[in-house]
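Student: I have a fold open on my screen and would like to learn how to read it. Could you walk me through some features?

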Amino acid sequence: QVQLVESGGGSVQPGGSLRLSCVASGSIFEINAMGWYRQAPGKERELVARISSGGSTIGADSVKGRFTISRDNAKNTVYLQMNSLKPEDTAVYYCYLLYRNTWSSPWLPIWGQGTLVTVSS
């Protein structure tokens, strides 16, 4: 069984910063892509940023230049550094990763429980 534990969410004023962390534990042989998605009230879940096993990243246009995704493979952890936060960044942020638990297993997706980020003055 694999679990994701997210941390780092909270309330911040516009222009502030937060750093989200997501640690994966359990029966993991290898992790492929890792990423962060978010879902604002009344909206669909959307990709924020994703990082491949090799370190290549993609991000939503709305967060480019403000958010940075990174990963620590030794710790099975993905981070999201969020700077210059805006009220429109308010959402529940979900960690996501693609893993397999043996070398021959299929890749499986798993989601974190979500962490709330509120940007408000």
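This is a predicted model: local features need pLDDT of at least 70, side-chain atom pairs count only at pLDDT 80 or more; totals for chains, interfaces and linings use all residues.

Student: Let me begin with the strands. In which sense do strand 1 and strand 3 pair, and over how many bridges?

Tutor: When reading strands, look at which strands pair and in which sense. Here strand 1 (residues 2–7) runs antiparallel to strand 3 (residues 18–26), with 6 bridges between them.

Student: Which residue stands opposite Leu18?

Tutor: That takes us to another pairing of strand 3. Leu18 faces Met82 in strand 8. Strand 3 and strand 8 (residues 77–82) are also paired in the antiparallel sense, over 6 bridges. Strand 3 therefore pairs with strand 1 and with strand 8, as the rule of at least two bridges requires.

Student: Now the cysteines. How many disulfides does the structure hold?

Tutor: The general idea is that a disulfide is a covalent bond between the sulfur atoms of two cysteines. This structure holds 1 disulfide. Its partners are Cys22 and Cys95, with sulfur atoms 2.1 Å apart. Cys22 belongs to strand 3 and Cys95 to strand 9 (residues 91–100), so the bond ties together parts that are 73 residues apart in sequence.

Student: Is Cys22 buried or exposed?

Tutor: Cys22 is buried, at a relative accessible area of 0%. Cys95 is buried too, with 0% relative accessibility.

Student: On to charges. How many salt bridges are there?

Tutor: The idea is that side chains of opposite charge can pair when their charged atoms come close. The count here is 5 salt bridges. One of them joins Glu30 and Arg100, whose closest N and O atoms are 2.6 Å apart. Glu30 sits in strand 4 (residues 30–39) and Arg100 in strand 9, so this pair links parts that are 70 residues apart in sequence.

Student: What else does Arg100 touch, and what does its side chain reach?

Tutor: Leaving out residues up to four places away in sequence, the contacts of Arg100 include Ile28, Phe29, Ser105, Pro106 and Trp107. The Arg100 side chain also reaches the backbone oxygen of Trp103 at 3.0 Å. Arg100 has a relative accessible area of 18%, so it counts as buried, because the cut-off is under 20%.

Student: Which residues meet Arg38 in salt bridges?

Tutor: Two of them are Glu46, at 2.7 Å from N to O, and Asp89, at 3.0 Å from N to O. Asp89 lies in the loop between strand 8 and strand 9, while Arg38 is in strand 4, so their pair ties together parts that are 51 residues apart in sequence. Salt bridges with shared partners join Arg38, Glu46, Arg66 and Asp89 into one network.

Student: And how accessible are Arg38, Glu46 and Asp89?

Tutor: Arg38 is buried at 6% relative accessibility, and Asp89 is buried at 1%. Glu46, in contrast, is partly exposed, with a relative accessible area of 36%.

How values were computed: Residues are numbered from 1 along each chain as its sequence is written. Side-chain values use heavy atoms; hydrogens and water are left out. Helices (H or I, at least four residues) and strands (E, at least two) are DSSP runs, numbered from the N terminus. A disulfide is a pair of cysteine sulfur atoms within 2.5 Å. Buried means under 20% relative accessible area, exposed over 50%, partly exposed in between (1.4 Å probe, protein chains only). A polar contact is a pair of N or O atoms within 3.5 Å; within protein, one must be able to donate a hydrogen and the other to accept it, and residues adjacent in sequence count only if both atoms are side-chain atoms. Contact means heavy atoms within 4.5 Å. A salt bridge is a side-chain nitrogen of Lys or Arg within 4 Å of a carboxyl oxygen of Asp or Glu.
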